[in-house]
Amino acid sequence: RHHGHSTMADIREVFDLYDLEGEGYIATGELGNVLRAFGHNPTEAELQDLLSSVDSGSGKLSFGEVSTCVSSFKPNGSYEDQVREAFKIFDKDGKGTISMGELKHIMQNLGEKMTEEEVSEMMKEAGLDSKGSIAVDDFIGVMLAAV
């Protein structure tokens with residue numbers, strides 16, 4: 001899974017997986033799978049919007065068209081909504097807080113990979129100590145500041 005900024009090489013790698021014949025095209029129906037490979041979760045409506053902006057009606061997409069779709073895809077859910085969803089995954093008991101260890105794990109594994117030092121520095125700036133836990137709104141604040 002790729003997150004954050006997708007490079008041309010990343011997009012090419014995924015494109016080639018679906019370009020089974022090696023013709024330089026993928027079926028328009030594969031666009032959703034390509035976007036999901038980059039951590040997006042497009043709705044049918046979002047896919048139709050994207051396709052209508054790039055597909056000439058041929059039923060196939062070139063690498064350039066797919067690359068445009070991947071780089072221009074903006075999910076309807078805001079970044080804040082995505083962060084809130086990520087938080088829920090770690091807040092297993094639904095208390096509205098996660099441990100600092102879990103926060104560190106998230107920051108080091110999602111999107112732009114951060115070092116332990118960067119995470120600690122960011123937490124300090126956010127006024128959080130490394131013991132205890134962090135509430136969902138503080139977490140969202142930290143994540144939005146990290147973007």
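This is a predicted model: local features need pLDDT of at least 70, side-chain atom pairs count only at pLDDT 80 or more; totals for chains, interfaces and linings use all residues.
On one side of helix α3, E44, A45, D49, S52 and S53 are exposed, where exposed means over 50% relative accessible area, buried means under 20%, and partly exposed is in between (1.4 Å probe, protein chains only). What sits on the other side? E46, L47, L50, L51 and V54 of α3, which spans residues 44-54, are buried.

Residues are numbered from 1 along each chain as its sequence is written, and side-chain values use heavy atoms, with hydrogens and water left out.

**The whole protein**

- The protein has eight helices and four strands; helices (H or I, at least four residues) and strands (E, at least two) are DSSP runs, numbered from the N terminus.
- Starting at the N terminus, the elements go α-β-α-α-β-α-α-β-α-α-β-α.
- Of the 147 residues in the protein, 32% are buried.
- Take the contacts (heavy atoms within 4.5 Å) between residues at least 6 apart in sequence: 60% of them join residues at least 24 apart.

**Helices α3 and α4**

- The cover over the buried residues of α3 includes α2 (31-37), β2 (60-62) and α4 (63-72).
- Helix α4 has its own buried residues: F63, V66, S67, C69 and V70.
- They're on the same side of α4 because they cover an arc of only 160° around the axis; the arc is that of the directions from the helix axis to the C-beta atoms.
- What do the buried residues of α4 pack against? Their partners are α1, β1 (25-27), α2, α3 and β2.

**D91 and its loop**

- You'll find D91 in the loop that links α5 (79-90) to β3 (97-99).
- D91 is buried but has no salt bridge, and the nearest side chain of opposite charge, K95, is 7.1 Å away.
- For a salt bridge, a side-chain nitrogen of Lys or Arg has to be within 4 Å of a carboxyl oxygen of Asp or Glu; as for charge, Lys and Arg count as positive and Asp and Glu as negative, while His and the chain ends are not counted.
- Which backbone nitrogens lie by the polar side-chain atoms of D91? That of K95 is 3.0 Å from one such atom, and that of G96 is 2.7 Å from one.
- Not counting residues up to four places away in sequence, D91 touches G96, T97 and I98.

- V14 belongs to helix α1 (residues 8-18), and its relative accessibility is 5%, so V14 counts as buried.
- V14 and N33 are 19 residues apart along the chain, with 9.2 Å between their C-alpha atoms.
- G132 is in the loop between α7 (116-125) and β4 (133-135).
- Is G132 buried or exposed? Its relative accessible area is 53%, so G132 is exposed.
- G132 is in contact with S99 and M100, leaving aside neighbours within four places in sequence.
- The C-alpha atoms of G132 and M100 are separated by 6.3 Å, though the two residues are 32 apart along the chain.

Key:
A polar contact is a pair of N or O atoms within 3.5 Å; within protein, one must be able to donate a hydrogen and the other to accept it, and residues adjacent in sequence count only if both atoms are side-chain atoms.
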